[in-house]
Amino acid sequence: MDYNNKANDYFNHERPEMLAFLPITCKRALDVGCGEGTFALQIKNKLDAEVWGIELMSEPGTEAKKHLDNVFVGPCENFVDELPENFFDVIYCNDVLEHLVDPYTFLKNLKSKLSSSGVIISSIPNIRYHDAFKKIILQKKFEYEGHGIFDKTHMRFFTKSSIEKMYTDLGYEIISHEGINRTRSLKPYLYNIPFLFTAMDMFYLQYATVVKRA
């Protein structure tokens, strides 16, 4: 996958909506897909925590090494065996899992890396978001793009319910599961009329999920 043509800010998002899920008791964290370390550095500064990162691309990964305690550069699946067992209080996967060929095996293998009270926190794009709904259902299009839900580097697509099923099937217990980055558009209300307002998930660009070992 070619990530070299991404926008300049692709590797340094602050993601305050995801930082809000950070447990204040966290002492050791891992940020999968850490980019330049912008998000992970906030964890380190806020809680004086030990923070590790994994980043696919070498340039942002090199930058992350300046800020974090330990950074692996390359495909995240390659480093699971190098992560310590029963170690991390939090493992973040912010818009990462949809880029993996096999996110299921990756999440399964992360389970043993969590501390006894550790959690995995993920942000995953919602394919039922109203703009994606419009393109697929109304415009009859499914075309890859440079960014967003139809990002050409996305290998997997998820809905609210499929995210829940993925985690429960892998033996995780869901602590919270909620939509984030709600649209300000009124179009989802119109699209919901034929569904009798049972498709309110289309308001949310992503779903943020917090899970622990069952």
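The following legends describe close-up views of a predicted model.

View 1. Leu 186, Tyr 189, Leu 190, Ile 193, Phe 197 and Met 200 together make a nonpolar surface patch of about 600 Å². One of these residues, Phe 197, is placed in the loop between α7 (187-192) and β7 (204-213). Phe 197 has a relative accessible area of 44% and is therefore classed as partly exposed, since that class covers values between 20% and 50%.

**View 2. Asn 126 is a buried loop residue.** The loop that holds Asn 126 runs between β5 (114-125) and α5 (130-138). The relative accessibility of Asn 126 is 1%, so this residue counts as buried; the limit for that class is under 20%. The side chain of Asn 126 reaches the backbone oxygen of Tyr 204 at a distance of 3.0 Å. When neighbours within four places in sequence are left aside, the residues in contact with Asn 126 include Ile 149, Phe 158, Thr 159 and Lys 160. Asp 201, Met 202, Leu 205, Gln 206 and Tyr 207 are also among its contacts, as is Tyr 204 itself.

**View 3. Arg 15 has a positive phi.** Arg 15 is not a glycine, yet its phi is positive, at about 50°. The residue belongs to the segment before α1 (16-19). With a relative accessibility of 12%, Arg 15 counts as buried.

**View 4. Asp 95 has a positive phi.** The phi of Asp 95 is positive, at about 55°, although Asp 95 is not a glycine. Its place is in the loop between β4 (88-94) and α4 (103-110). Asp 95 counts as buried, because its relative accessibility is 17%.

**View 5. Trp 52 and Phe 72 form an aromatic pair.** The structure holds 15 aromatic pairs. One of them joins Trp 52 and Phe 72 in a tilted arrangement, with 6.2 Å from centre to centre and 50° between the planes. This pair links distant parts of the chain: Trp 52 is in strand β2 (residues 50-55) and Phe 72 is in strand β3 (residues 70-73), 20 residues apart. Trp 52 is buried, with a relative accessible area of 10%, and Phe 72 counts as buried at 11% relative accessibility.

View 6. The rings of Tyr 167 and Tyr 172 form an edge-to-face aromatic pair, 5.8 Å from centre to centre and with 90° between the planes. Both tyrosines, Tyr 167 and Tyr 172, are buried.

**View 7. Ring pairs build an aromatic cluster.** Trp 52, Phe 72, Phe 79, Phe 87 and Phe 88 are linked into a cluster by ring pairs.

Methods:
Residues are numbered from 1 along each chain as its sequence is written. This is a predicted model: local features need pLDDT of at least 70, side-chain atom pairs count only at pLDDT 80 or more; totals for chains, interfaces and linings use all residues. Side-chain values use heavy atoms; hydrogens and water are left out. Patches are made of residues with over 30% relative accessible area and no salt bridge: like charges are joined within 9 Å, nonpolar side chains (Val, Leu, Ile, Met, Phe, Trp, Tyr) within 5 Å. Accessible areas come from the Shrake-Rupley method with a 1.4 Å probe; for residues, only the protein chains shown count as cover. A salt bridge is a side-chain nitrogen of Lys or Arg within 4 Å of a carboxyl oxygen of Asp or Glu. Helices (H or I, at least four residues) and strands (E, at least two) are DSSP runs, numbered from the N terminus. Buried means under 20% relative accessible area, exposed over 50%, partly exposed in between (1.4 Å probe, protein chains only). A polar contact is a pair of N or O atoms within 3.5 Å; within protein, one must be able to donate a hydrogen and the other to accept it, and residues adjacent in sequence count only if both atoms are side-chain atoms. Contact means heavy atoms within 4.5 Å. Rings of Phe, Tyr and Trp (its six-membered ring) pair if their centres lie within 6.5 Å; planes under 30 degrees apart count as stacked, over 60 as edge-to-face and the rest as tilted.
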